[in-house]
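Trainee: I have a model open and would like to learn how to read it. Where do we begin?

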Amino acid sequence: MKHEHQDTTFAVAAGLSVPTRAIDITAIRAAGPGGQNVNKVSSAVQLRFDIHAAGLPEPLRERLLALHDRRITRDGIVIIKAQRYRRQERNIEDACERLRALIRLAMPVQRPRRATRPSRGARERRLTHKTVRGKIKSLRKPVNPQDD
(Lines give C-alpha, C1' and ligand atoms only; values in the text may rest on other atoms or scores of the structure.)
Protein backbone atom coordinates (compact mmCIF):
# COMPACT_ATOMS: atom_id res chain seq x y z
CA MET A 1 0.00 0.00 0.00
CA LYS A 2 1.52 3.28 -1.10
CA HIS A 3 0.90 6.52 0.72
CA GLU A 4 -0.18 9.20 -1.76
CA HIS A 5 1.22 12.73 -1.53
CA GLN A 6 0.05 15.94 -3.09
CA ASP A 7 2.77 17.98 -4.78
CA THR A 8 3.52 20.00 -1.65
CA THR A 9 6.56 20.61 0.49
CA PHE A 10 7.82 18.97 3.65
CA ALA A 11 9.14 21.53 6.16
CA VAL A 12 12.49 20.52 7.65
CA ALA A 13 13.64 23.67 9.42
CA ALA A 14 13.11 27.41 9.20
CA GLY A 15 13.74 28.35 5.58
CA LEU A 16 14.27 24.78 4.36
CA SER A 17 11.68 22.46 2.90
CA VAL A 18 11.81 19.58 0.44
CA PRO A 19 9.16 18.47 -2.06
CA THR A 20 7.07 15.56 -0.81
CA ARG A 21 7.61 13.74 -4.13
CA ALA A 22 11.14 12.95 -2.84
CA ILE A 23 9.57 11.07 0.09
CA ASP A 24 7.94 7.67 -0.37
CA ILE A 25 6.04 6.16 2.56
CA THR A 26 5.00 2.51 2.40
CA ALA A 27 2.95 0.60 4.99
CA ILE A 28 4.62 -2.61 6.17
CA ARG A 29 3.92 -5.19 8.82
CA ALA A 30 5.49 -4.51 12.18
CA ALA A 31 7.82 -7.05 13.73
CA GLY A 32 7.59 -8.29 17.29
CA PRO A 33 4.71 -9.29 19.55
CA GLY A 34 1.13 -8.37 18.78
CA GLY A 35 -0.94 -11.52 18.84
CA GLN A 36 -3.18 -12.44 15.92
CA ASN A 37 -3.52 -8.81 14.86
CA VAL A 38 0.17 -8.50 13.91
CA ASN A 39 -0.35 -10.64 10.79
CA LYS A 40 -3.34 -8.65 9.55
CA VAL A 41 -2.55 -5.00 10.16
CA SER A 42 0.25 -3.05 8.44
CA SER A 43 0.77 -0.38 11.06
CA ALA A 44 4.53 0.07 10.63
CA VAL A 45 5.80 2.36 7.88
CA GLN A 46 8.95 2.55 5.82
CA LEU A 47 9.98 6.02 4.70
CA ARG A 48 12.33 6.31 1.72
CA PHE A 49 13.90 9.71 1.00
CA ASP A 50 16.02 10.28 -2.10
CA ILE A 51 18.70 12.82 -1.17
CA HIS A 52 19.60 13.53 -4.81
CA ALA A 53 16.00 14.13 -5.95
CA ALA A 54 15.13 16.33 -2.99
CA GLY A 55 16.59 19.53 -4.40
CA LEU A 56 18.62 20.26 -1.27
CA PRO A 57 21.36 22.91 -1.43
CA GLU A 58 24.62 21.35 -2.66
CA PRO A 59 26.65 21.83 0.58
CA LEU A 60 23.85 20.35 2.70
CA ARG A 61 23.46 17.41 0.31
CA GLU A 62 27.20 16.67 0.51
CA ARG A 63 27.21 16.86 4.33
CA LEU A 64 24.15 14.60 4.48
CA LEU A 65 25.77 12.03 2.20
CA ALA A 66 28.99 12.24 4.24
CA LEU A 67 27.17 11.30 7.46
CA HIS A 68 28.14 7.81 8.56
CA ASP A 69 24.59 6.71 9.27
CA ARG A 70 23.40 3.17 8.62
CA ARG A 71 20.03 4.51 7.40
CA ILE A 72 21.66 6.13 4.35
CA THR A 73 22.40 3.75 1.45
CA ARG A 74 25.28 4.08 -0.99
CA ASP A 75 22.81 5.37 -3.58
CA GLY A 76 21.89 8.29 -1.32
CA ILE A 77 18.52 7.01 -0.16
CA VAL A 78 17.52 7.38 3.47
CA ILE A 79 15.44 4.43 4.73
CA ILE A 80 13.62 4.89 8.03
CA LYS A 81 11.43 2.15 9.50
CA ALA A 82 8.94 3.35 12.11
CA GLN A 83 7.01 0.83 14.17
CA ARG A 84 7.07 2.44 17.60
CA TYR A 85 3.32 3.08 17.74
CA ARG A 86 0.26 0.93 17.09
CA ARG A 87 -1.39 3.49 14.81
CA GLN A 88 -0.08 3.97 11.29
CA GLU A 89 -0.60 7.76 11.41
CA ARG A 90 1.60 8.06 14.50
CA ASN A 91 4.29 5.94 12.83
CA ILE A 92 4.19 8.22 9.76
CA GLU A 93 4.65 11.27 12.01
CA ASP A 94 7.48 9.50 13.84
CA ALA A 95 9.28 8.61 10.59
CA CYS A 96 8.92 12.18 9.30
CA GLU A 97 10.26 13.61 12.55
CA ARG A 98 13.24 11.25 12.44
CA LEU A 99 13.95 12.36 8.86
CA ARG A 100 13.80 16.01 9.96
CA ALA A 101 16.25 15.25 12.79
CA LEU A 102 18.65 13.53 10.38
CA ILE A 103 18.62 16.47 7.96
CA ARG A 104 19.02 18.97 10.81
CA LEU A 105 22.05 16.99 11.97
CA ALA A 106 23.81 17.85 8.69
CA MET A 107 22.72 21.51 8.66
CA PRO A 108 25.30 23.24 10.90
CA VAL A 109 28.45 24.23 9.05
CA GLN A 110 31.67 23.40 10.88
CA ARG A 111 33.91 26.43 11.23
CA PRO A 112 37.45 25.66 10.09
CA ARG A 113 39.89 25.26 12.97
CA ARG A 114 42.40 28.06 13.35
CA ALA A 115 45.77 26.81 14.58
CA THR A 116 46.96 28.56 17.75
CA ARG A 117 50.06 28.34 19.90
CA PRO A 118 50.28 28.35 23.67
CA SER A 119 51.68 31.60 25.07
CA ARG A 120 55.14 31.76 26.60
CA GLY A 121 53.65 32.13 30.08
CA ALA A 122 51.42 29.09 29.55
CA ARG A 123 54.43 27.01 28.46
CA GLU A 124 56.42 28.12 31.53
CA ARG A 125 53.50 27.35 33.89
CA ARG A 126 53.15 23.90 32.31
CA LEU A 127 56.85 23.14 32.76
CA THR A 128 56.89 24.35 36.39
CA HIS A 129 53.81 22.26 37.13
CA LYS A 130 55.54 19.21 35.61
CA THR A 131 58.64 19.83 37.72
CA VAL A 132 56.62 20.17 40.93
CA ARG A 133 54.64 16.98 40.15
CA GLY A 134 57.89 15.14 39.42
CA LYS A 135 59.34 16.18 42.80
CA ILE A 136 56.17 15.08 44.61
CA LYS A 137 56.27 11.70 42.86
CA SER A 138 59.98 11.24 43.65
CA LEU A 139 59.12 11.49 47.36
CA ARG A 140 56.99 8.33 46.95
CA LYS A 141 60.01 6.16 46.15
CA PRO A 142 61.13 3.72 48.82
CA VAL A 143 64.07 4.89 50.92
CA ASN A 144 67.27 3.18 49.78
CA PRO A 145 69.91 2.87 52.59
CA GLN A 146 72.82 2.78 50.10
CA ASP A 147 72.10 6.38 49.01
CA ASP A 148 73.35 7.81 52.35
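Predicted model: local features only at pLDDT ≥ 70, side-chain atom pairs only at ≥ 80, totals over all residues.

Trainee: In which order do they come along the sequence?

Mentor: The pattern reads β-β-β-β-α-β-α-α.

Trainee: How do I check the length of helix α2?

Mentor: The expected span is 1.5 Å times one less than the number of residues. Helix α2 covers residues 88–105, 18 residues in total, so it should span 26 Å; its end C-alpha atoms are 26 Å apart, which agrees.

Trainee: Which residues of α2 are buried?

Mentor: Buried means under 20% relative accessible area. In α2 the buried residues include Ile92, Ala95, Leu99 and Ile103, and also Asp94 and Arg100. The buried residues of this helix pack against β1 (9–13), β2 (16–19), β3, β4, α1 (58–66) and β5 (77–82). Across the protein, 26% of the 148 residues are buried.

Trainee: And lysine 40, is it buried or exposed?

Mentor: Exposed means over 50% relative accessible area. Lysine 40 has 61%, so it counts as exposed. You will find lysine 40 in the loop between β3 (23–28) and β4 (44–50).

Trainee: How far is lysine 40 from arginine 29?

Mentor: Lysine 40 and arginine 29 are 11 residues apart in sequence, and their C-alpha atoms are 8.1 Å apart in space.

Note on methods
Residues numbered from 1 in each chain as written. Heavy atoms only, no water. Helix = DSSP H or I, 4+ residues; strand = E, 2+ residues; numbered from the N terminus. Buried < 20%, exposed > 50% of the residue type's maximum accessible area, 1.4 Å probe, protein only. Contact = heavy atoms within 4.5 Å.
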